[in-house]
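Student: I have a model open and would like to learn how to read its main features. Can we go through them one at a time?

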Amino acid sequence: YYYYYYHSGTDTGIIMTFITTPLNIYMVEVLNAEPQDQNVINILINLPWSIKLLFGFLSDAMPIFGMRRKPYLVLGFFLQAAPFIAYAIADIQTIDFLAICIFVGTIGLIMMDVMCDTMVVERSKFEEDANLGQMQASCYSFRFGGSLVGSFLGAILTNESTWGWGM
């Protein structure tokens, strides 16, 4: 169990920052996006976070195959990955298509995040009194570390114009 919790926390941290770090540069240099378009994208990244609580209620109220967390975790993974794969494959470089992909991808990321958090909370009740809260603190530490890695990779791997290498 611990491997999945720590691994998913690190993945969530990396995904959140790896995509958002070079996004504005991509919108300006590739899509020639106007400031209002960039603002819409930023709103669509942040808007789903306000409905984060609903995913917890959804998984509690509507189990899939008798399970409450894991199917939603997998569904969140596919909701997060599919739009970005579609964006890469379709080669439709418009701000509208990017907005849809970002919005759906963020919803998937939030679904994964909520399921990971709830699994950690459910599992933490089995911790010994001496280690109480250690699992949750470790998961957030891994998420923070993943955020640092994602920011670093987002900046390094997308800086081809300055360094002559990258994506």
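Student: What share of the contacts with a separation of 6 or more comes from residues 24 or more positions apart?

Tutor: This is a predicted model. In this protein, residues 24 or more positions apart account for 71% of the contacts with a separation of 6 or more.

Student: How many helices and strands does the secondary structure have?

Tutor: There are seven helices and zero strands. Read from the N terminus, the order is α-α-α-α-α-α-α.

Student: How do I read the span of helix α5?

Tutor: Set the distance between its end C-alpha atoms against the span expected at 1.5 Å a residue. Helix α5 covers residues 95–124, 30 residues in total, and reaches 42 Å, close to the expected 44 Å.

Student: Why is α5 described as largely enclosed by the rest of the structure?

Tutor: Buried means under 20% relative accessible area. Because 22 of the 30 residues of α5 are buried, the helix is largely enclosed by the rest of the structure.

Student: Is Leu54 buried or exposed?

Tutor: The cut-off for exposed is over 50% relative accessible area. Leu54 has 53% relative accessibility, so it counts as exposed.

Key: Residues are numbered from 1 along each chain as its sequence is written. This is a predicted model: local features need pLDDT of at least 70, side-chain atom pairs count only at pLDDT 80 or more; totals for chains, interfaces and linings use all residues. Side-chain values use heavy atoms; hydrogens and water are left out. Buried means under 20% relative accessible area, exposed over 50%, partly exposed in between (1.4 Å probe, protein chains only). Helices (H or I, at least four residues) and strands (E, at least two) are DSSP runs, numbered from the N terminus. The expected span of a helix is 1.5 Å times one less than its number of residues. Contact means heavy atoms within 4.5 Å.
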